[in-house]
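Keep the 3D view open as you read.

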Amino acid sequence: DSELKGFLGGFQDGTFGYVVPHDNGQPFGKVARFGLQDFASVEVLDLSLHDSELKGFSGGFQDGTFGYVVPNNNGKVARFS
């Protein structure tokens with residue numbers, strides 16, 4: 001996916017690493033998740049498909065159950081599992 005660039009920060013949950021979508025020429029909302037064991041498998045969650053304003057985040061974290069991305073411009077925190 002050519003849009004998978006321009007991340008700002010990331011976090012991990014012990015099994016997966018997550019990179020936070022920020023700006024790849026424009027704000028975007030694709031969270032990329034990859035396996036920490038081999039770094040070979042990548043899955044993408046496009047938050048903007050659920051809400052067109054969920055783009056351009058400035059950080060993220062997890063609480064043991066969910067992942068969260070922190071808004072940079074839109075004021076909306078997104079939660080995912």
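Start with tyrosine 18, which is buried at a relative accessible area of 8%. Here, buried means under 20% relative accessible area, exposed means over 50%, and partly exposed is in between, using a 1.4 Å probe and protein chains only. Before going further, a word on what you're looking at: this is a predicted model, where local features need pLDDT of at least 70 and side-chain atom pairs count only at pLDDT 80 or more, while totals for chains, interfaces and linings use all residues. Residues are numbered from 1 along each chain as its sequence is written, and side-chain values use heavy atoms, with hydrogens and water left out.

What does tyrosine 18 pair with? Its ring forms a tilted aromatic pair with phenylalanine 80, at 5.9 Å centre to centre and 50° between the planes. For the cut-offs, rings of Phe, Tyr and Trp (its six-membered ring) pair if their centres lie within 6.5 Å; planes under 30 degrees apart are stacked, over 60 edge-to-face, and the rest tilted. The pair links distant parts of the chain, since tyrosine 18 sits in strand S2 and phenylalanine 80 in strand S7, 62 residues apart. Strands here are DSSP runs (E, at least two residues), numbered from the N terminus. Phenylalanine 80 is buried too, at 8% relative accessibility. Ring pairs link Phe11, Tyr18 and Phe80 into a cluster.

Another ring pair is worth a look: phenylalanine 61 and tyrosine 68 have centres 4.9 Å apart and planes at 15°, so this one is stacked. Phenylalanine 61 is partly exposed at 40% relative accessible area, whereas tyrosine 68 is buried at 15%. The structure holds 5 aromatic pairs.

Now zoom out to the core. In soluble globular proteins, nonpolar side chains tend to be buried together. The largest nonpolar core in this model has 10 residues, among them Phe11, Tyr18, Leu47, Ala78 and Phe80. Such a core is a set of buried Ala, Val, Leu, Ile, Met, Phe, Trp, Tyr and Cys residues joined through side-chain atoms within 4.5 Å. Strand S2 (16-21) and strand S7 (78-80) are the elements that give two or more residues to this core. Alanine 78 touches Leu47, Leu54, Phe57, Gly67, Tyr68 and Val69 (heavy atoms within 4.5 Å), leaving aside residues up to four places away in sequence.

Strand S7 also belongs to an open sheet of 3 strands, in the order S5-S6-S7 with antiparallel pairing. Two strands pair if DSSP finds at least two bridges between them. Strand S5 (57-62) and S7 are the edge strands, each pairing on one side only. S6 (residues 67-71) and S7 pair over 3 bridges, and glycine 67 stands opposite phenylalanine 80.

Finally, turn to lysine 30 in strand S3 (residues 30-35). Is this lysine buried or exposed? Lysine 30 is buried, with a relative accessible area of 14%. Its side chain makes a polar contact of 2.7 Å with that of aspartate 1, and another of 3.1 Å with that of glutamate 3. A polar contact is a pair of N or O atoms within 3.5 Å; within protein, one must be able to donate a hydrogen and the other to accept it, and residues adjacent in sequence count only if both atoms are side-chain atoms.

Key
Helix = DSSP H or I, 4+ residues; strand = E, 2+ residues; numbered from the N terminus.
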